[in-house]
Amino acid sequence: MGCHQAMMSSVVVGLVTCFVTMTTMSSALAASSKVRPAGKVPAMYVFGDSTVDVGNNNYLPGDFPRADKPYYGVDFPGGARPTGRWSNGYNIADFILSEVNNSSPPAYLSLTRASSSRRRLILKGLGGVSYASAGSGILDSTHAGKYIPLRKQGRYFGATRADIVATLGACAADDLLSKSLFFISTGSNDIGVFAAAAQQQQSPLPSDVAAYYSSLISNYSAAITELYGMGARRFGIVNAGLIGCTPSGRALSPAGACAAGPNALAGGFNAALGLGDLSGLMQAATAEPPRAAAGGGPWNVDSACCGGGRMPAQLDAVRGPRALPVLGLIGPPQLIAAALYDGPPEFTAPVNLKQLII
């Protein structure tokens, strides 16, 4: 009874702060949480798109794009192989996990094939699960029927939570989930779909843009509130990147320049969201690409790792010469993860992930 009453009082606060200002919710949770050793959480639950998908799309029925062929995974640690990640190796979520836990969570749709030991850990609320799906968005209408939208990802987590509660009991499950990290990286596909439609109209009406932003924020808030109601307390939320500066966006320009229209749309959405600034980080990296680890040259931020055509981002991954070691959608994931985990205030607000989980 006591556990239930405490949870109910917290949920009321969550409903208010999530809709009024999500930054208030994050800072309040970070301030009120018990101090624990830095850099460790029981589990990480991942939601979003290709930036954090670890293979859910590989298990979708039908003819869906999958990261299951070379040269995806060409630099994957432990042996070059496609793993379902839309990257040459690890993605953002993997690098975050290296800081806050021990191993990357499995794709939700792969759990029937997971080892019995991994499944037991998940039932105990340990390790976590990834529900992310490449091509998905905040809205169900973004690539409708093709991928796993954010709302459905939340329902999948609900099923996971029910299994944890059945194993541990409600109070123990709530305690573990309150200490876990809920990492969400989505929105870019929604902006991309709207940008493509807007390009056909030449110039979208300001009222149409404002209505679209409102729909995105409303649906995003509803998804986060639903997760909060199921016990989530520590949120790491990444905004939309500079989609006009991705390799596929640059490929539309004869000179390979960033597309201003999609970037402006992403910027408006990010201003409304006001959290982890992937867009700002991409601007800084594009202006002056940082050097790779171990004394290597600058990261390549304008070529895809695993496609064909120009940059090479106009075709699906193809066999051929070894591709550039970068993530084709947003730039080097290790750089992004490092900035979000322990970066300066210009890229993280109101706190970075390291501060959030202390």
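Both faces of strand β3 are covered: Arg234, Gly236 and Val238 on one side, and Phe235 and Ile237 on the other, are all buried, where buried denotes under 20% relative accessible area, exposed over 50% and partly exposed the range in between, with a 1.4 Å probe and protein chains only. Five of the five residues of β3 are buried, so this strand is largely enclosed by the rest of the structure.

Before I continue, a word on the source. This is a predicted model, in which local features need pLDDT of at least 70 and side-chain atom pairs count only at pLDDT 80 or more, while totals for chains, interfaces and linings use all residues. Residues are numbered from 1 along each chain as its sequence is written, and side-chain values use heavy atoms, with hydrogens and water left out.

Let me turn to the overall inventory. The protein has 13 helices and three strands; these are DSSP runs numbered from the N terminus, helices being H or I with at least four residues and strands E with at least two. Of the 358 residues, 52% are buried. The accessible surface comes to about 15,300 Å², and carbon and sulfur atoms account for 58% of that surface, by the Shrake-Rupley method with a 1.4 Å probe, only the protein chains shown counting as cover for residues. Among contacts between residues at least 6 apart in sequence, 70% join residues at least 24 apart, a contact being heavy atoms within 4.5 Å.

I now come to the sheet. In what order do the three strands lie in the open sheet? The order is β1-β2-β3, with parallel pairing; two strands pair if DSSP finds at least two bridges between them. The edge strands are β1 (44-48) and β3 (234-238), each of which pairs on one side only. Neighbouring strands are turned by 15 degrees against each other on average, direction ignored; axes are lines fitted to C-alpha atoms, for helices over the stretch in contact, and angles run from 0 to 180 degrees between N-to-C directions.

β1 pairs with β2 (residues 181-185) over five bridges, and methionine 44 has leucine 181 as its bridge partner in β2. Five bridges also join β2 to β3, where phenylalanine 183 is partnered by glycine 236.

Helix α5 (residues 150-168) lies across β1 and β2 and runs at about 160 degrees to β1. In helix α6 (residues 170-179), the buried residues include Ala173, Asp174, Leu176 and Leu177. These four cover an arc of only 165 degrees around the axis, which puts them on the same side of α6; the arc is that of the directions from the helix axis to the C-beta atoms.

Next, the cysteines. The structure holds one disulfide, defined as a pair of cysteine sulfur atoms within 2.5 Å. Cysteine 245 and cysteine 258 form this bond, with their sulfur atoms 2.1 Å apart. Cysteine 245 lies in the loop between β3 and α9 (247-250) and cysteine 258 in the loop between α9 and α10 (260-273), so the pair ties together parts that are 13 residues apart in sequence. The torsion about their S-S bond is about 120 degrees, so the disulfide is right-handed. Cysteine 245 is buried, at 7% relative accessibility, whereas cysteine 258 is partly exposed at 30%.

Finally, proline 65, which lies in the loop between β1 and α3 (92-100). Proline 65 is partly exposed, at 36% relative accessibility. Leaving aside neighbours within four places in sequence, proline 65 is in contact with Asn57, Trp86 and Tyr147.
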